[in-house]
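I opened the model today to look up a few points and wrote them down in the order I took them.

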Amino acid sequence: MFIAFAVLITLSVLSALSLYIAYRLYQGLNAFFPKLNFKPILVIIILFASILVVGFARSMIPFPRTVEHILAIICAYTMGVFFYLLMFTVASDLLMIIFRLLKLSFTNHRLYKGVMTAGVLALTLCTCVYGFFHALHIKHTSYNVSLQGKKDISDLNLVLISDLHLGAVGSEGQLEKTVENINEENPDIVCIAGDFFDTDFDSVQDPDKAISTLRKIRSTYGVYVCLGNHDGGSTHNQMLDFLEKANIRLLDDDYTIIDNRLILIGRLDAHSIGGYNGKERKDLSSFFERKDNSLPVIVMDHNPSHIHEYGTEADLILCGHTHKGALFPISLVTDLMYTVDYGHYQKDSASPHVIVSSGVGNWGMPMRVGTDCEIVTVNFS
């Protein structure tokens, strides 16, 4: 019942937005083509919205796996185009209101709406093409973290990635490049701060090839992962089996001591999509007590909204989840939502350092506008 209601609401909203975009496009194009018919434009926009709905609901419909994968690809790219077409259409209307309040005479010209619509279409095209190609590039980011009074680990090179979203559109095609970029940093420790998978393990097209690729990661002390909100659901056990075969150690509200030089903790995310087969996030104190204050304590916790939970029991917290908004202007929203949605942060000298990655992969739309796919290197002093 709830799913049916959600689909109905989604259909209603998308239909309203489609009608709005179609009418605005028609008004603008009509300035250049007076005999233009409104119906073809409306049909095209509604087709866009329908693709989005079918794409989102594909897991609830018994499509063949190949068909489902094709729908996922079409939906992902269509969603990006629809998002920016809507955003620039709204922006053009806001500009129109401002110009008219300023009583600028050119707004009464017959071609004014046509020029604005041409601008909307050009900006949408350029932004989407840029976003789709920019998402294929991986940026290397480096932070220096001072751990005064702790055992010296300045010779250790820690590499952080998050939000691989394996199974999302384009994720497997980027996997080889991701592993190569990790190895370029010559890591001693590789930390993966959650959302390794994209909710449904069955969306991974070639698990064996992905396992083979991930086993190529070269790290002195291994590869470690914590679970993010997309790493649960009905295929959770298959995800765990995959990680084991890929030689990636899961720290699931658990910790390990690495070379008697540092403690690495992995936290279970508090808000899984579909749950972790009954597992729930524990209090840190229930499984970890800091007994040796000389050992640096590094925590992998997917969602940076939990950083307030940590005090002197942690020295560095590694997070992901936000994607830094992935697309402008969504990045402005995530900046307001979190104490830190990206980068290196420390509240005060007595508080742990926090590093939030924008993620190496993409969720939903395979686009990056105003943000980067990244691999993070942490240098200690």
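**Entry 1: a covered arginine**

I started at R267, which has 1% relative accessibility and therefore counts as buried, the limit for that class being under 20%. I note that the model is predicted. I placed R267 in the loop that runs between β7 (262-266) and β8 (297-300).

**Entry 2: the chain as a whole**

I counted eight helices and 12 strands in the protein chain. The chain has 381 residues, and 49% of them count as buried. Taken along the principal axes, the box filled by the C-alpha atoms is roughly 80 × 50 × 40 Å. I noted an accessible surface of about 18,500 Å², with 61% of it belonging to carbon and sulfur atoms. For contacts with a separation of 6 or more, I found that 74% join residues 24 or more positions apart.

**Entry 3: nonpolar cores**

I went to the largest nonpolar core, which has 27 residues. The members that touch the most others are L166, I192, F196, F197, L214, F242 and I248. I listed the elements that each supply at least two residues of this core: β2 (157-161), α5 (171-184), β3 (189-193), α6 (207-214), β4 (223-226) and α7 (236-245). I also noted another core lying apart from this one, with 24 residues, including V145, L158, Y224 and L262.

I followed I248 further. Leaving aside neighbours within four places in sequence, I248 contacts I192, F196, L214, V223, Y224, V225 and L243.

**Entry 4: aromatic rings**

I searched the whole structure for aromatic pairs and found 10. In one of them, F201 and F242, the ring centres are 5.8 Å apart and the planes stand at 65 degrees, so I logged the pair as edge-to-face. F201 sits in the loop between β3 and α6 while F242 is in helix α7, so the pair ties together parts 41 residues apart in sequence. Both residues, F201 and F242, are buried.

**Entry 5: helix α4**

I checked the span of α4 (residues 112-134), which has 23 residues. From first C-alpha to last the helix reaches 32 Å, close to the expected 33 Å at 1.5 Å a residue. Which residues of α4 are buried? I listed Y112, G114, M116, T117, V120, T124, T127, C128, G131, F132 and H134.

Terms used. Residues numbered from 1 in each chain as written. Predicted model: local features only at pLDDT ≥ 70, side-chain atom pairs only at ≥ 80, totals over all residues. Heavy atoms only, no water. Helix = DSSP H or I, 4+ residues; strand = E, 2+ residues; numbered from the N terminus. Buried < 20%, exposed > 50% of the residue type's maximum accessible area, 1.4 Å probe, protein only. Core = buried A, V, L, I, M, F, W, Y, C linked by side-chain atoms within 4.5 Å. Contact = heavy atoms within 4.5 Å. Expected span 1.5 Å × (residues − 1). Areas by Shrake-Rupley, 256 points an atom, 1.4 Å probe, with all protein chains shown as cover. Phe/Tyr/Trp six-rings, centres within 6.5 Å; stacked < 30°, edge-to-face > 60°.
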